Amino acid sequence: GDSERTKKSRRRANPPSMLRHGRKGQRSAVGACSGILCCIFSVALLIVIAAPSSNHFMGRGSSRSYNARRLPSTSFRQSSHAPRSSSVTALSGGGADDTTGRPTKRVLVTGGTGYIGSHTVVQLLESGYDVTVIDNLVNSNRKVLDRVHSITNKKPRFFAIDLCDESALDELFKSSAPFDAVIHFAGLKAVGESCSQPLRYWDNNVGGSIALLKVMERHNCTNIVFSSSATVYGNVQKVPITEDFPLQATNPYGTTKLTIETLLRDVAQKTVVGDEENKWRVVLLRYFNPIGAHPSGLIGEDPNGTPNNLLPYISQVAVGRRAKLAVFGSDYDTHDGTGVRDYIHVQDLSRGHILALENAIFGSMKSNCEVYNLGTGKGYSVLDMVNAFGKACGKDIPYEIAPRRTGDVAKMFADPTKAKTELSWTASLGIDEMCSDTWRWQEKNPYGYATEQPQLQESKAS
């Protein structure tokens with residue numbers, strides 16, 4: 001028989017339960033453990049598959065070629081005058097996808113299918129915001145919404161509403177969950193057209209903004225980022241331009257922007273009754289010369305008729321839609337004699353709106369109304385842009401020198417120090433990216449969002 005020591009050793013190696021069930025019991029225990037591990041692994045796998053990527057800014061993780069270059073990420077995850085009858089039926093749903101654990105912010109974007117608006121909508125969706133867009137589509141295209149979906153795999157809610165239709169705006173606010181903030185892009189923006197149609201610009205830009213602010217206040221939405229313009233500075237005599245420069249708009253378009261700024265300041269500084277506080281928080285963004293396009297080439301600037309801005313005109317020359325560019329003035333006090341302007345990539349500009357929300361509206365502000373310049377802090381001449389675009393598209397851009405235009409100044413560029421200090425914003429993309437992204441958009445979409453060649457009237461621009 002076994003010794004007493006051998007029996008004790010056997011009991012330690014095989015606990016009573018195992019002794020009772022033998023090898024069958026061992027197999028059952030092992031099977032149970034394996035089943036539990038399999039369940040845990042399956043649940044973990046489902047979580048990984050279902051969870052949205054937190055790194056999908058600019059479409060990261062897909063096979064698109066534009067994923068290689070990204071803007072700095074943020075911390076939180078144009079329309080106008082048309083018949084006043086508006087639709088209040090949403091075409092698609094908001095696409096919120098916040099994975100930070102914080103409540104998702106709901107943002108209304110006016111003019112969100114326009115050039116700057118659409119790029120900002122993309123970045124809002126990629127940053128986890130719940131987005132609603134309103135636009136009357138008079139200067140934009142409904143196809144933008146499908147392109148935004150292709151980039152982000154999300155769609156904002158969209159309502160075909162004219163900003164001047166106060167009753168339609170009111171119905172939207174009544175039928176929607178409360179908005180945390182509004183980014184206000186909607187407005188007519190052609191300087192030349194504003195000179196020939198000043199009443200239309202005042203009615204649309206100022207009247208529409210008044211209707212929007214009345215509805216916002218009625219529904220206790222008091223956070224707004226306004227898309228203003230460096231045109232409020234007029235013809236400056238020195239650079240760089242800081243936010244405290246004198247304001248002197250020189251055309252009806254600029255005057256409407258300056259009037260809306262004044263209106264927003266008055267709202268932010270209004271007197272309140274008793275112990276009540278003024279809840280308005282207003283950010284005014286004055287930007288200079290937005291150019292470029294989304295690096296996917298899916299959305300970009302698509303002007304109606306003759307482009308009023310330099311780069312869209314150059315790109316239409318490059319793609320064969322126009323014969324040549326007119327450069328107005330070659331005897332300015334600049335390095336090559338042509339006018340110098342502060343060109344900013346639309347991707348950088350859009351990111352400025354996100355940071356205005358996060359670091360000012362939802363962050364800290366020194367006062368109820370703050371203004372920021374969004375620019376690179378340096379300028380490029382007309383010929384700098386012509387040469388850089390020629391490099392981007394691989395062909396020479398034909399141009400001719402024309403006389404100076406009345407009112408043009410030699411140099412105009414921003415001092416963006418305040419935006420860097422208070423919003424943690426700086427422009428990160430240079431002239432090469434501006435031109436290459438614009439060319440990618442124009443080459444993929446020679447007639448913009450249109451499917452066939454529009455009728456063009458030959459004219460000159462610079």
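User: Before we start, how are the axes and angles defined here?
Analyst: Axes are lines fitted to C-alpha atoms, for helices over the stretch in contact, and angles run from 0 to 180 degrees between N-to-C directions. Helices (H or I, at least four residues) and strands (E, at least two) are DSSP runs, numbered from the N terminus. This is a predicted model, in which local features need pLDDT of at least 70, side-chain atom pairs count only at pLDDT 80 or more, and totals for chains, interfaces and linings use all residues. Residues are numbered from 1 along each chain as its sequence is written, and side-chain values use heavy atoms, with hydrogens and water left out.

User: At what angle do H9 and H13 pack?
Analyst: Helix H9 (residues 310-318) packs against helix H13 (residues 431-444) at about 55°, and their axes are 10 Å apart. The two are therefore oblique to each other; angles under 35 degrees count as roughly parallel, over 145 as roughly antiparallel, 65 to 115 as roughly perpendicular and the rest as oblique.

User: Which residues meet there?
Analyst: From H9, Leu-311, Pro-312, Ser-315, Gln-316 and Ala-318 meet Met-434, Cys-435, Thr-438, Trp-439 and Gln-442 of H13, where contact means heavy atoms within 4.5 Å. By class, this contact has six nonpolar, four polar and no charged residues. Ala, Val, Leu, Ile, Met, Phe, Trp, Tyr, Cys and Pro count as nonpolar, Asp, Glu, Lys and Arg as charged, and the others, Gly among them, as polar.

User: Changing topic: is Lys-154 buried or exposed?
Analyst: Lys-154 is buried, with a relative accessible area of 9% (buried means under 20%, exposed over 50%, partly exposed in between, with a 1.4 Å probe and protein chains only). Lys-154 lies in the loop between helix H4 (143-152) and strand E3 (157-159).

User: What does its side chain reach?
Analyst: The side chain of Lys-154 reaches the backbone oxygen of Leu-125 at 2.9 Å.

User: And Asn-153, buried or exposed?
Analyst: Asn-153 is exposed, at 63% relative accessible area, and is also placed in the loop between H4 and E3. Its phi is positive, about 60°, although Asn-153 is not a glycine. Most residues other than glycine have a negative phi, and most peptide bonds are trans.

User: Where is Asn-220?
Analyst: Asn-220 is in the loop between helix H7 (198-218) and E5. Asn-220 has a positive phi of about 60° without being a glycine, and counts as exposed at 54% relative accessibility.

User: Which peptide bond is cis?
Analyst: The bond from Val-239 to Pro-240 is cis, with omega near 0°. Pro-240 is in the loop between strand E5 (223-229) and helix H8 (252-268).

How values were computed. A polar contact is a pair of N or O atoms within 3.5 Å; within protein, one must be able to donate a hydrogen and the other to accept it, and residues adjacent in sequence count only if both atoms are side-chain atoms.
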